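Keep the viewer open, try each task, and then compare your steps with the solution.

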Amino acid sequence: LGGSISRALQQMSNATVIDEKVLNECLNEITRALLQSDVQFKLVRDMQTNIKKIVNLDDLAAGHNKRRIIQQAIFNELCKILDPGKPSFTPKKGKASVIMFVGLQGSGKTTTCTKYAFYHQKKGWKPALVCADTFRAGAFDQLKQNATKAKIPFYGSYMESDPVRIAAEGVERFKKENCDLIIVDTSGRHKQETALFEEMRQVAEATKPDLVIFVMDSSIGQAAFDQAQAFKKSVSVGAVIVTKMDGHAKGGGALSAVAATKSPVIFIGTGEHMDEFEVFDVKPFVSRLLGMGDWSGFMDKIHEVVPMDQQPELLQKLSEGNFTLRIMYEQFQNILKMGPIGQVFSMLPGFSAELMPKGREKESQAKIKRYMTMMDSMTNEELDSSNPKLMNESRMMRIARGSGRAVREVMEMLEEYKRLAKIWSKMKGLKIPKKGEMSAL
Ligand code: GDP
Ligand code: MG
């Protein structure tokens, strides 16, 4: 996909006269590419029409930066599709909210329920899980196992076969226990069947969810729109989570789901593990959809703000994909200094949204300083190793003692490192565009 779009845009910039024919050819090429990414046909067609209205041929003919104008227009249109115009219901800490998960069987509901609970638990919430799937054998065991691992209270039954009853009982119980995030996992079916929708409606009626989250497998392709719409018709879906974004699918179906449910995507699932879960971020998602990778904006920024003489070394490190604790330490230093490289690194997907949320800069800085204090007690071997097994318990205890922090904090710092290392590993083997080759999106 990335290839064909680049090719289309390349043709565009090679043409000396930009006329309607060239623009059309370019748009057709991109259309094909977006369809391959599972973006719904109708959305692509509408976008094409919009682009034609937005892109002024005279501006293009006037010369400079045609590629940029068109790319920007496409990028913006796709971002707009992903923005339903209103945020989803946001639960409030300390006040009981009921969140119901719906979606087809295998879409990732049960896994995502736990991820959602775990994510909030780490932020100081009191989540609880209710298993209202009595359809699939083993459903309760699966939820129980996940919940136990994450130390999250759960409710369900092997005996009771009425999902509505279990859901209502579970919600009631956790309200009494002052849980503030009561998550109801429902059953799914292979197909969109009347029985499934009826059951969902009843569970919703009994539990009065504050938010219904539609869970969608990123690989469902063009079926996304109809599927999302069918769910929206039965229960009032208010948010979308797209799972399995670690696979091959680019997730173009997410645009359909947003269009069909008029609800935003709030998280994406990026693996089977509990912590493989990210806050949805429109721009990197669209970059990926267009085959530009999460890194296009980042690479641009490097060329823009990192002094020329520092670029080769930095890019070399990036493409090696070997993210050691020492590199993390250096990047923390940069962020604290907020020099040009610091600015760049604070734009890295993992650094920005999670480590340095907007509006909480002071807190983030304090955390980074704390991490650095602990890293000051590490040996060179530890700092330069990329073997996660090296950091055993006795090393962690030594570091904690040396830095006057709790072992728990050392573990938290190492978790942060693992998370960043995983993001970083995607950079491995990256072909680094030379200055001028990369056009800004
Ligand atoms: P449910 O039937 O909707 O409850 O789906 P499950 O939660 O049982 O998930 C179905 C399968 O998808 C399981 O094998 C999960 O481990 C897997 N899964 C769920 N989310 C993700 C994800 O984000 N990435 C990957 N790779 N697998 C996932
Ligand atoms: Mg399930």
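## Exercise 1: a covered helix

The buried residues of helix H12 are Pro284, Phe285, Val286, Ser287, Arg288 and Leu289. This is a predicted model, in which local features need pLDDT of at least 70, side-chain atom pairs count only at pLDDT 80 or more, and totals for chains, interfaces and linings use all residues. Residues are numbered from 1 along each chain as its sequence is written, while chains are lettered from A and ligands numbered from 1 in the order in which they are written.

**Task.** Find out how many of the residues of H12 are buried.

**Solution.** 
- Step 1: take the cut-offs: a residue is buried if 20 or more other C-beta atoms lie within 10 Å of its own, exposed if 12 or fewer, and partly exposed in between, with C-beta atoms placed from the backbone.

## Exercise 2: H8 against H9

**Task.** Describe how the axes of H8 and helix H9 (residues 194-207) cross.

**Solution.** 
- Step 1: set up the geometry: axes are lines fitted to C-alpha atoms, for helices over the stretch in contact, and angles run from 0 to 180 degrees between N-to-C directions.
- Step 2: the axes of H8 and H9 come within 9 Å and cross at roughly 25°. H8 is therefore roughly parallel to H9 (angles under 35 degrees count as roughly parallel, over 145 as roughly antiparallel, 65 to 115 as roughly perpendicular and the rest as oblique).
- Step 3: list the contacts (C-beta atoms, placed from the backbone, within 7 Å): Pro163, Val164, Ala167, Ala168 and Val171 of H8 meet Glu199, Gln202, Val203, Ala206 and Thr207 of H9.

## Exercise 3: H10 against H11

**Task.** Give the angle at which helix H10 (residues 224-234) and helix H11 (residues 253-261) pack, and identify the residues in contact.

**Solution.** 
- Step 1: H10 and H11 pack at an angle of about 30°, and their axes are 8 Å apart.
- Step 2: this angle makes H10 roughly parallel to H11.
- Step 3: H10 contributes Ala224, Phe225, Ala228, Gln229 and Lys232 to the contact, and H11 contributes Gly253, Ser256, Ala257, Ala259, Ala260 and Thr261.

## Exercise 4: around ligand 1

**Task.** Name the residues that come nearest to ligand 1.

**Solution.** 
- Step 1: a residue is near a molecule or strand if its C-beta atom, placed from the backbone, lies within 6 Å of it.
- Step 2: of the 17 residues around ligand 1, Gly108, Lys109, Thr110, Thr111 and Gly269 come nearest.
- Step 3: helix H6 (residues 109-122) supplies the largest share of the shell, three residues.

Terms used
Helices (H or I, at least four residues) and strands (E, at least two) are DSSP runs, numbered from the N terminus. Two residues are in contact if their C-beta atoms, placed from the backbone, lie within 7 Å.
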